[in-house]
Amino acid sequence: KCPLVVSRTFWGKNIKCVCFYRNALLEADINKLGFSSPAARKTGTTICGVVYKDGVVLGADTRATEGMVVADKNCSKIHYISPNIYCCGAGTAADTEMTTQIISSNLELHSLSTGRLPRVTTANRMLKQMLFRYQGYIGAALVLGGVDCNGPHLYSIYPHGSTDKLPYVTMGSGSLAAMAVFEDRYRPNMEEEEAKRLVRDAIAAGIFNDLGSGSNIDLCVITKGKVDYLRPHDMANKKGVRTGSYRYKHGTTGVLTKAVTPLNLEVVEESVQTMDTS
Amino acid sequence: MFLKYCLKDSVPVTGLCPQAGSYGVQDSLRRGFSSVKNELLPSHPLELSEKNFQLNQDKMNFNTLRNIQGLHAPLKLQMEYRAARQIQRLPFLPSSNLALDTLRGSDDSIGFEDILNDPVQSELMGDPHIMTEYKLGVL
């Protein structure tokens, strides 16, 4: 659905709700005609994050759904916020994409202004203030993780603007399956390989037990000074390979009769029109 | 106690009244379709809060400033805002509002108002002569 449109030159006096009017009018008419309005593309998703000894591991599946149809078999749900901060997004795909891009831009401007590497808590506060301002109408549920001067941090941010700072978080439709894996096997100060395996297994649980999640597993390992963006980390659902060829050989169909009719065409007029490519 | 001041000063609803063009009727060409319901109730639950967002933020900030530093602080700031607001280009040209942005501190932040509805890409433009005459009060 179209967001509100604000004109900056008049400092908030010129809110144009035209898109909302138009959508309301269209929806009333469309339902009368028997059609249904288009569904928003969501990322029915499993995303999760875990804090380990040296940093943060973020994981996500790669399926984007549009109602009951898979819209994108390999979409990227781990978004870049800053060189040391990444954010996984669940909910409406456009909302998570635009929100993370806006916050990434703001954080870049902020870090240029302060002259320091941005902190995860700054990104968290910017996101939570923006989402609360729009009262949940921006459907973006995010898992924000990164390493800054104070160590590794992991936050989960809900569409209405509440946040939690925790050592392990999951979001999305497959969050319960992933959380079950975390609750069973999480322990503080894990090693990197163990943390990656834990996140991989949590996302796999979401992929195999939730219809809204599927395809591959992406991981992002963030440590002080280094980011490993592993896409794909694990192709859990490879597309099948056809074992035989279904093409028929020439001559399979027998020809009974053949009739050829030549069309006598003659050129009447030929004119050249040059395109205006200036 | 502070919160009571802030909420009471919240700017009330304006701009939901019918937008009469010339001849006292809704100008469909310039302002779009109208309906009685849309003029009585907000068409989007966030319409009112977004319309007044900047004003409410300013009210809250000025209140805090007044409580911390005394009455002179918000008065001086508001005087500067008033002066910066008058730095505009001709009526039909888009102004950058650079001084105002710097005062507000919004020159290093990007929001929806910068991405969507960019005035440079606006599809509407007033006739320069008419707009200048209107501004000068000659029309």
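**Exercise 1. State how exposed E191(A) is in this predicted model, and identify the side chain with which E191(A) meets in a salt bridge.**

Step 1. E191(A) has 42% relative accessibility and counts as partly exposed; buried denotes under 20% relative accessible area, exposed over 50%, and partly exposed the range in between (1.4 Å probe, protein chains only).

Step 2. The partner is K53(A), with 3.2 Å from N to O; a salt bridge requires a side-chain nitrogen of Lys or Arg within 4 Å of a carboxyl oxygen of Asp or Glu.

Step 3. E191(A) sits in the loop between α4 and α5 of chain A and K53(A) in the loop between β2 and β3 of chain A, so the pair ties together parts 138 residues apart in sequence. Helices (H or I, at least four residues) and strands (E, at least two) are DSSP runs numbered from the N terminus.

Step 4. K53(A) is also partly exposed, its relative accessible area being 43%.

Conventions. The model being predicted, local features need pLDDT of at least 70 and side-chain atom pairs count only at pLDDT 80 or more, whereas totals for chains, interfaces and linings use all residues. Residues are numbered from 1 along each chain as its sequence is written, chains are lettered from A and ligands numbered from 1 in the order written, and side-chain values use heavy atoms, with hydrogens and water left out.

**Exercise 2. Determine which residue forms a salt bridge with D234(A), and which network contains the pair.**

Step 1. The partner is R200(A), and the closest N and O atoms are 2.4 Å apart.

Step 2. R200(A) is partly exposed, at 21% relative accessibility.

Step 3. For comparison, consider a pair in chain B: E47(B) and K51(B) meet in a salt bridge at 3.9 Å, N to O. Both lie in helix α4 (residues 47-51) of chain B, 4 residues apart, about one turn of the helix. E47(B) and K51(B) are both buried.

Step 4. Over all chains, the structure holds 13 salt bridges.

**Exercise 3. Compare the span of helix α5 of chain A with its expected value, and find the elements against which its buried residues pack.**

Step 1. Helix α5 covers residues 192-209, 18 residues in total, and reaches 26 Å from first to last C-alpha.

Step 2. This span is close to the 26 Å expected at 1.5 Å a residue; the expected span is 1.5 Å times one less than the number of residues.

Step 3. Among the buried residues of the helix are L198(A), V199(A), I203(A) and I207(A), and also K196(A).

Step 4. The buried residues pack against β2 (47-51), β3 (55-61), α4 (175-185), β12 (217-223) and β13 (226-234) of chain A, where contact means heavy atoms within 4.5 Å.

**Exercise 4. Characterise the overall form of chain A and the secondary structure of chain B.**

Step 1. Chain A has 5 helices and 13 strands. Its radius of gyration is 26 Å, well over the 19 Å that the globule rule gives for 278 residues, so chain A is more spread out than a compact globule; the radius is taken over C-alpha atoms, and the rule is 2.2 Å times the number of residues to the power 0.38.

Step 2. Along the principal axes, the C-alpha atoms of chain A fill a box of roughly 85 × 60 × 50 Å.

Step 3. Buried residues make up 41% of the 278 residues of chain A.

Step 4. Chain B contains 9 helices and 0 strands, and 19% of its 139 residues are buried.
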